[in-house]
Amino acid sequence: MTATGMLKPLRFPRVWLGLWWLAIAVTIVVCLIPPPPLALPQNSDKVEHFLAYFLLASAAVQIYRTRAALLWAGAGLVLLGVGIEFLQGALTTDRMADPMDALANSVGVVVGMATVFTPLRDLLLRMKG
């Protein structure tokens, strides 16, 4: 099966796929640049981690139609979330690797991928995306 055969019959499937990959790239950059000086409650960043990976995973559900493609996307996002935590510890001086962040990322992926079992799975198709 070709790469485009794994995509849903969206109006502009390659554009949506490109936007998804752009969102992944932005996530990587944001996680590796110095954090903004914000006074946030302790551990509130876990919600941000969850939401970011939930959105990436649920976007994959909107774009990919095959089970195999979704499994690869989900596994890749979990590996990305764990890998970024390692990179933060190894490459940055103003961030630290946090296993709880990796867990929040992974839970976000699982919950986002679970949207495939809801009527929301074809939201982009219904919007004539």
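In this predicted model, the largest nonpolar core holds 20 residues, of which W20, Y64, L77 and M113 touch the most other members. Helix 1, helix 2, helix 3 and helix 4 each contribute at least two residues to this core. The contacts of L77 illustrate the packing: leaving aside residues up to four places away in sequence, L77 touches W20, I24, Y53, L56, A57 and V109.

**Overall fold**

The secondary structure of the protein chain consists of five helices and zero strands, and the pattern along the sequence reads α-α-α-α-α. Among contacts between residues at least 6 apart in sequence, 81% join residues at least 24 apart. The radius of gyration is 16 Å, which agrees with the value near 14 Å that a compact globule of 129 residues would have.

| Property of the protein chain | Value |
|---|---|
| Span of the C-alpha trace along the principal axes | about 45 × 25 × 25 Å |
| Buried share of the 129 residues | 35% |
| Accessible surface | about 8,100 Å² |
| Share of the accessible surface belonging to carbon and sulfur atoms | 75% |

**Helix 2 and its surroundings**

Helix 2 covers residues 45-63, a run of 19 residues. From the first C-alpha to the last, helix 2 reaches 27 Å, close to the 27 Å expected at 1.5 Å a residue. Its buried residues are K46, H49, Y53, L56, A57, S58, A60, V61, Q62 and I63.

Which elements cover the buried residues of helix 2? The cover includes helix 1 (13-32), helix 3 (67-91), helix 4 (99-113) and helix 5 (123-126).

**S58 as a polar residue in helix 2**

S58 lies in helix 2. Is S58 buried or exposed? With a relative accessible area of 13%, S58 falls under the 20% limit and is therefore buried. The side chain of S58 reaches the backbone oxygen of L55 at 3.3 Å. Not counting residues up to four places away in sequence, S58 touches G112 and T115.

Terms used:
Residues are numbered from 1 along each chain as its sequence is written. This is a predicted model: local features need pLDDT of at least 70, side-chain atom pairs count only at pLDDT 80 or more; totals for chains, interfaces and linings use all residues. Side-chain values use heavy atoms; hydrogens and water are left out. Helices (H or I, at least four residues) and strands (E, at least two) are DSSP runs, numbered from the N terminus. The expected span of a helix is 1.5 Å times one less than its number of residues. Buried means under 20% relative accessible area, exposed over 50%, partly exposed in between (1.4 Å probe, protein chains only). Contact means heavy atoms within 4.5 Å. A nonpolar core is a set of buried Ala, Val, Leu, Ile, Met, Phe, Trp, Tyr and Cys residues joined through side-chain atoms within 4.5 Å. A polar contact is a pair of N or O atoms within 3.5 Å; within protein, one must be able to donate a hydrogen and the other to accept it, and residues adjacent in sequence count only if both atoms are side-chain atoms. The radius of gyration is taken over C-alpha atoms; the globule rule is 2.2 Å times the number of residues to the power 0.38. Accessible areas come from the Shrake-Rupley method with a 1.4 Å probe; for residues, only the protein chains shown count as cover.
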